Amino acid sequence: MEKNQDFIYTDWILIETNFRPEQLHTRETIFTIGNGYLGIRGSFEEGYPCASAATFIHGVYDPIPPLYTEMANCPDCLPLVITIEGDRFGLDQGTILQYNRELDLRQGILSRSLQWRSPSGKTIDIYLERFASMADQHVLCQRCTLTFLDFDGRIELQSGINGYPENREFNHWERLEQGKLDQGFWLHSRNRQSRLDMGIAGKINLLGVEGHSQVNAAPSYPSISATFRCSPNQTITIEKIITLFTSRDVPDPLLAAKSKLYYLPDYVTLHNANQQEWNQIWQQSDILIEGDSKAAFAIRYNIFQMLTAVSHYDEKVTIPAKTISAFFYHSHVSWDTEIFILPFLIFTQPIIARNLLNYRYHVLAMDLARSDEAYQKFMQTAMLCLEEIMGSTIDGIHGASAGAVWQTVVFGFGGIQFIDDQPVAYPHLPPGWTRLQFKLYWHGKWHSFDLH
């Protein structure tokens, strides 16, 4: 375990030990999670002033006439409002007595545990976790556990969807319809310009207490609220399961979201399925480093961000320059994918690599048929890239850097060369590294390397 200012690193887990509002946006990026279909920035469920909450889905772009086309910030499925005797929980008020946030790379789970005292002196332990299921790319799961420590009082909970997300003060979505389900709700939205539809359905399960609940129908803010009284040391749990589709995926995304939600198992089963899928992925893609826990975590963090950003099934999308972790994507991609990220996928996830190669095939075939338009698109991309380099933007996860780190470890320190068409290692391990272990897939066979 290694500590660096506000962070503690283990081989698999990044732990944030202090909340610093001035680092809000950067850490939202650092704690981004995803599943290859979508990415969710590490914003707080309860919200925070000036936060940059965002959910991006591959292929969901929308124009801002007449300037450019960008990835559209999709409806936010995270909101959870906790009100204690009239005091709304938030880190911008009351007192933070304990704080801890963890990103578990092995399971793709973001969690936060804290103890908070309200302005009126009520103390509560809060644990929150979320994951975008790697076992089913259309499923998001959240869980919140509350322990009321030192008071009797009235508690109000509200959780739902924010259907009015913004891309820097511009909202790409218009509401078509919304409604309620048994202990749940749904929302049907459409892009303003590209006319892409999105269907979202969600349900809430409240454990450990019985109280009055109702579905709220505020326009574009469908939610469920519950009210009850608590007693000292009482613990309750809120589980939230979301399904979402776009018209890129299916002809009727709302019907698909409702149908999937109806047949899904409980939270624990979904949690276990996600864990099993991540275990399978890491068996192929993991790099083990012994003797340097910071390096061990660093390489796994970079691999994690590549695995969550690349589509596992869709060959009509690629990885934007900052993956799917930040704003300011102006409908452009670069060759960084082929240069830096594709080698990692070729040697560890060949099926996904084929999807990326097929994407480039589709794009080149289309561009060659319209050479004048292709040139204009090239110039627009080049100028926008230049503007972003010279300007100031909110940091995103840079996919090229993540891929370069993997290549440095495998081909640099591991010294992989191809002799008689077979991968052979000539290692040059850095001082302190006592072991380097990884797998490579080459010509239909797995090759294991355990270097000391």
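**Entry 1: D92 and its loop.** I started at D92, which lies in the loop between β10 (87–88) and β11 (95–104). Strands here are DSSP runs of E with at least two residues, helices are runs of H or I with at least four, and both are numbered from the N terminus. A note on the source before going on: this is a predicted model, where local features need pLDDT of at least 70, side-chain atom pairs count only at pLDDT 80 or more, and totals for chains, interfaces and linings use all residues. Residues are numbered from 1 along each chain as its sequence is written, and side-chain values use heavy atoms, with hydrogens and water left out.

Is D92 buried or exposed, or partly exposed? I found a relative accessible area of 46%, so D92 is partly exposed. The cut-offs are under 20% relative accessible area for buried and over 50% for exposed, with partly exposed in between (1.4 Å probe, protein chains only). Next I looked for what D92 touches, taking contact as heavy atoms within 4.5 Å. Leaving aside neighbours within four places in sequence, D92 is in contact with Y48 and P49. D92 and P49 are 43 residues apart in sequence, yet their C-alpha atoms are 7.7 Å apart in space.

**Entry 2: positive phi.** Most residues other than glycine have a negative phi, so I looked up some exceptions. C50 is not a glycine and has a positive phi of about 65 degrees. C50 sits in the loop between β5 (38–40) and β6 (55–57), and its 67% relative accessibility makes it count as exposed.

R195 is another case, with a positive phi near 60 degrees in a residue other than glycine. Its loop runs between β17 (184–191) and β18 (197–207). R195 counts as partly exposed, at 39% relative accessibility.

**Entry 3: the sheet of β4, β5 and β6.** These 3 strands form an open sheet in the order β4-β5-β6, with antiparallel pairing. Two strands pair if DSSP finds at least two bridges between them. The edge strands are β4 (33–34) and β6, each pairing on one side only. Between β5 and β6 I found 3 bridges in the antiparallel sense, and G39 has F56 in β6 as its bridge partner.

Which residues does T55 touch? T55 belongs to strand β6 and is buried, with a relative accessible area of 5%. Not counting residues up to four places away in sequence, T55 touches G39, I40, A72, N73, C74 and P75.

**Entry 4: the sheet of β22, β25 and β26.** Here too 3 strands form an open sheet, antiparallel, in the order β22-β25-β26.

I then followed β25 (residues 435–442), which is joined to β26 by 7 bridges and runs antiparallel to it. Q437 has D450 in β26 as its bridge partner, and W442 has K445. The hairpin of β25 and β26 has 2 residues between the strands, and H443 takes a positive phi near 50 degrees in it.

Entry 5: How far apart are the end C-alpha atoms of α3? They are 27 Å apart, which agrees with the 27 Å that the 19 residues of α3 (residues 267–285) should span at 1.5 Å a residue. The expected span is 1.5 Å times one less than the number of residues.

In α3, the residues Y267, L270, H271, N274, W278, I281, W282 and S285 are buried. Seen down the axis of α3, its buried residues fall within an arc of 105 degrees, so they line one face of the helix. The arc is that of the directions from the helix axis to the C-beta atoms. On the other side of α3, Q276 and Q283 are exposed.

Helix α4 (residues 293–309) has 17 residues that should span 24 Å at 1.5 Å a residue, and its end C-alpha atoms are 24 Å apart, which agrees. α4 is mostly covered, with 15 of its 17 residues buried.

**Entry 6: the whole chain.** The chain has 8 helices and 26 strands, and 54% of its 452 residues count as buried.
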